[in-house]
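Open the model in your viewer and keep the selection panel at hand. The tour starts at the ligand and then moves to the aromatic rings.

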Amino acid sequence: MPTVKLVKLSKSYGDIKAADNLDLEVKDGEYLCVLGPTGAGKTTLLRMISGLLAPDKGKIFFNGKDYTGKEIEERKAALLSQTYALFPQLTVEENILFGLDIRGADERTKEQVLISMLDLVRLSGRSDAFPRELSGGMQQRTALARALASGADLLLLDEPLRALDARLRISLRTELRSLAKTLNMTAIHVTHDQDEALVMADRVAVIRDGRILQIGTPKEVWDEPATPFVANFVGQSNFFTGEVLQSSPLTLLRTPEGTVLKGRPSDLPQGTSAVLGVKIGNTELTKERKGYLKARVERIIFEGRNLHVDMVMDSGQRISSKVPSWRKGKIVAGDMVEIYWEESKGTVFPMPPSGLENELKVE
Ligand code: ATP
């Protein structure tokens, strides 16, 4: 039985649909990342699950019971918000015990919870410190301990790592996930950061305009995107438009210039107007053999491990690729290169009704 089940949840602000008939099931003990661009409806979703915000329509079930109209306190959900607002005048210990104090927990319980929480978030030596005396990461861990100490079994995390520097963010990803797993909590973590979602989640739900476009394991969402938007938001992609010539055992797509491109099998009928997407990391380039397409290298950006290569084709279409850095100097601006990809790396989608440009737009 899923721990959280949302059924046709809707919430509008005037014309804006922050949640649009949204269905979602989160399994017991699962770490789910909700990934989407700014304004997609991520915070709205978490606030409705936590009870801070009432949906216009739809139902929220916890462990099979309808909690739609229930108060926040009844939900056993802890919300950790973007600005993990600790009480500045309270110490780490007082912050962590805040929820238990309000509920009038006895001293013994408080002490036990405090010791285990401090140990868990590795702040045992700092229980008397005030938030201003702590690093960003320590403050974040204090806020997490406070959320966990509330006795919740559902953890709702709203961009919990956003305010931290890059290095800390990366190390806390693993900690946060393993804490949730150790405590056997179900976690719903919203983020706009695809790397964070891919690394942390058991499953990723990609959300846009209040709707879930795809839900699957990180690998599924990465390798088998459901829409061009997902293909581009989760790892940037190059797109080529054309007409389907065949859809099995591979899809063949003929571009307006007459080039035939290959992708994974699809169920698109012959003659359909379609789009083929290839992740830029899977768009290979060579000077040695013939590929599908030709392009001229415009610029190369050194990114450490990879080179990011921007190119332009004769048609004027721009494409990009990532190649390993050891190829630095072997490919230079002005070179003509051949572009290819493994057939299994191309995904063919029907042409979006609103056109490709609108489909890919990130507000
Ligand atoms: P971000 O990543 O920027 O935090 P988000 O995905 O969390 O974005 P929400 O904050 O849920 O998105 O907002 C979804 C949409 O609803 C946005 O268009 C936002 O402007 C709108 N919205 C949210 N809260 C309100 C409000 N109280 N009044 C009016 N519009 C709102």
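**Stop 1: the ligand**

Select the ligand and the 12 residues around it; Thr38, Gly39, Lys42, Thr43 and Thr44 come nearest. Keep in mind that this is a predicted model.

A ligand oxygen lies 2.8 Å from a polar backbone atom of Gly39. For Thr43, a side-chain N or O atom is 2.7 Å from an oxygen of the ligand. For Thr44, the corresponding distance to a ligand oxygen is 2.5 Å, again from an N or O atom in the side chain. On its own the ligand has 630 Å² of accessible area, and the protein covers 63% of that.

Color by element next. Strand 2 (16-26) and helix 1 (42-50) each give two or more residues to the shell. Helix 1 gives the most, with three residues. By class, the shell has five nonpolar, six polar and one charged residues.

**Stop 2: aromatic pairs**

The model has five aromatic pairs. Select Phe87 and Phe98: this pair is tilted, with 4.5 Å centre to centre and 40° between the planes. Phe87 sits in the loop between strand 6 (77-80) and helix 2 (92-102), and Phe98 in helix 2, so the pair ties together parts 11 residues apart in sequence.

Go to Phe240 and Trp341. Are they buried or exposed? Both are buried. Together with Tyr292, they form one aromatic cluster.

**Stop 3: arginines over rings**

Select Arg208, which lies over the face of Phe229 at 4.0 Å from the ring centre. Finish at Arg289, over the face of Tyr340 at 3.8 Å from the ring centre.

How values were computed:
Residues are numbered from 1 along each chain as its sequence is written. This is a predicted model: local features need pLDDT of at least 70, side-chain atom pairs count only at pLDDT 80 or more; totals for chains, interfaces and linings use all residues. Side-chain values use heavy atoms; hydrogens and water are left out. A residue is near a molecule or strand if one of its heavy atoms lies within 4 Å of it. A polar contact is a pair of N or O atoms within 3.5 Å; within protein, one must be able to donate a hydrogen and the other to accept it, and residues adjacent in sequence count only if both atoms are side-chain atoms. Accessible areas come from the Shrake-Rupley method with a 1.4 Å probe; for residues, only the protein chains shown count as cover. Helices (H or I, at least four residues) and strands (E, at least two) are DSSP runs, numbered from the N terminus. Ala, Val, Leu, Ile, Met, Phe, Trp, Tyr, Cys and Pro count as nonpolar, Asp, Glu, Lys and Arg as charged, and the others, Gly among them, as polar. Rings of Phe, Tyr and Trp (its six-membered ring) pair if their centres lie within 6.5 Å; planes under 30 degrees apart count as stacked, over 60 as edge-to-face and the rest as tilted. Buried means under 20% relative accessible area, exposed over 50%, partly exposed in between (1.4 Å probe, protein chains only). A charge sits over a ring if NZ of Lys or CZ of Arg is within 6 Å of the ring centre and within 35 degrees of the ring normal.
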